[in-house]
Amino acid sequence: MAADDRFAASLRRDRGDRPAGIRTEIVTDPVSDWATDFSHLDPRWSADPYPILDDLRERCPIAHTGRFGGAWLPTRYADVAAIAYDTERFSSRSIVLGNFRPPRELAPVGGSPPISSDPPFHHDARKLLLPAFTRAAVSRQEPATRAFCHALIDAFDGLEVVDAATEYAQHIPVRVIVGMLGFPAEDGPRFREFVEDLLEGINLPPDERAERVGRLFEYLLAQVEEHIAAPRDDLTSYLINAEMHGRRLDPDHVVGTMALLLIAGIDTTWSAIGASLWHLAKTPADRARLVADRALLPAAIEELLRAYAPVTMARLVKEDMHWQGVDMKADDWVLLSFPAANRDPAQFDRAAEVVIDREANRHAAFGLGIHRCVGSHLARMELRVALEAWLDRIPDFSLADPGAVTWSAGQIRGPRTLPVRIGRARGGAGRAAGSG
Amino acid sequence: MRVQIDTARCQGHGRCYDLAPALFEDDEEGYGQVLGDGSVPPGREREARLAVLNCPERAISLTEES
């Protein structure tokens, strides 16, 4: 094979030198009115967005804000679904709502294909990834994931209180995706920084934000170079060698997809595991039912995904239009709140309650339409294994200090501090070695 | 009773082959497909209904046959 020099020139440039997009004023004042001035970065939203979303759904139902250069927030399931399906009028060229809109020329590829891609490019970019994320493909990660969960619990030996977010949930998706991408396991702690920089740093000054994003791409480029020098059986080598339409991928496509898999694979699953443990810690009846009847777990997992859907996406309006009673302008943001859709009483009976044996559950936690989360089978495996291992070893646990629980800001929501009282964990190293 | 998948709607969520593995399987890209001709054997009616009720894309339909 000829030397692969695709990455030498095109990625060395500072990614801040891309064609100028649109920068908008950073507004950090507290929200005055959620219907006309919402911000998903307001601490009240992070702490508990559901009363806000429920109220807006009843009286609005599409909220607006002048922040971020203008953004809309539909809160009904039907509107969220309609936008997810309408790729003609709503673009994915940026899916992180903030004060920077990438230039229109970035469509239909976007910065992190295929999540940032529009048709027709989207279909083939997504098709490249699908075989690596089928249920059968991800099941190969299950034994190692289970052993890793047990090893994390082994480390709780002697502790009465542990942080289920930072000492358990956070580590599981990092370990899994780092293994799939073929990055050094010891780099895991850096990924939390990358995730926070990309997803939570959206009100930082533009130069600082660009510099932080640049750090991630520098890291990914170094991994690409190592994989070119020594190819192996992992997703990084797969993407480097993958072809679309008879040609190897553009270098920005390779690295953008690596960024997507890393970022989207970590924060989301960490949040789902953490929110599930938070719910079970504060709801003894649900916890006891699951411990007594493990056959309920699959339905319970879907219900926890519905009730605490960690992911909100964003779209950009393509052209000025009147839509469902509001006047949207070209380049307005739309916050595509799957959490809001999942709690719409018009779609779900007892929408505000967690019903762990819910039978009919067409929730939208992994999105709807062509952008259905490509990692949903992986996320479900990780969530199931993480909860099975925890319930096996720590059947009795509770919030150690409800007031100390903190939640992430921005579009991915999950607990970031979650002190739980665990008593004494069952089993030990012997059990961990024997399982999986 | 017969199950069908509207392949134009299916996005590979996989709820059908998780909930009703006797009636559905996944293809090599994770999209759902019906096993055989989609006939629901006696005793599998509940699974078939669960698959319908949990498909986020409403891609699955159930036709009653006498």
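In which loop of chain A is Pro114(A) found?

A: Pro114(A) sits in the loop between E5 and H5 of chain A. Before going on, note that this is a predicted model, with local features needing pLDDT of at least 70, side-chain atom pairs 80 or more, and totals for chains, interfaces and linings using all residues. Residues are numbered from 1 along each chain as its sequence is written, with chains lettered from A and ligands numbered from 1 in the order written. Helices (H or I, at least four residues) and strands (E, at least two) are DSSP runs counted from the N terminus.

Back to that loop: strand E5 covers 100-101 and helix H5 covers 121-129 of chain A. The peptide bond joining Pro113(A) to Pro114(A) is cis, with omega about 5 degrees. Pro108(A) is in the loop between E5 and H5 too, and there the cis bond is with Ala107(A), omega again about 5 degrees.

Asp331(A), which isn't a glycine, has a positive phi near 75 degrees. You'll find Asp331(A) between strand E11 (326-328) and E12. Asp331(A) counts as partly exposed because it has 18 C-beta neighbours inside 10 Å (buried takes 20 or more, exposed 12 or fewer, partly exposed is in between; C-beta atoms are placed from the backbone). Arg350(A), also not a glycine, has a positive phi near 45 degrees. Its loop runs between helix H16 (338-341) and helix H17 (376-393) of chain A. With 9 other C-beta atoms within 10 Å, Arg350(A) is exposed.

Now for the sheet that holds E12. Five strands of chain A make up an open sheet, ordered E2-E3-E12-E9-E4, with mixed pairing; strands pair if DSSP finds at least two bridges between them. Strand E2 (62-65) and strand E4 (90-91) are at the edges with a single partner strand each, so one side of each has no neighbour in the sheet. E2(A) and strand E3 (71-74) of chain A run antiparallel, paired over four bridges. Follow Ile62(A) across to E3(A) and you land on its bridge partner, Pro74(A).

One last stop is where the chains meet: 19 residues of chain A are in contact (C-beta atoms, placed from the backbone, within 7 Å) with 14 residues of chain B.

Terms used: Contact = placed C-beta atoms within 7 Å.
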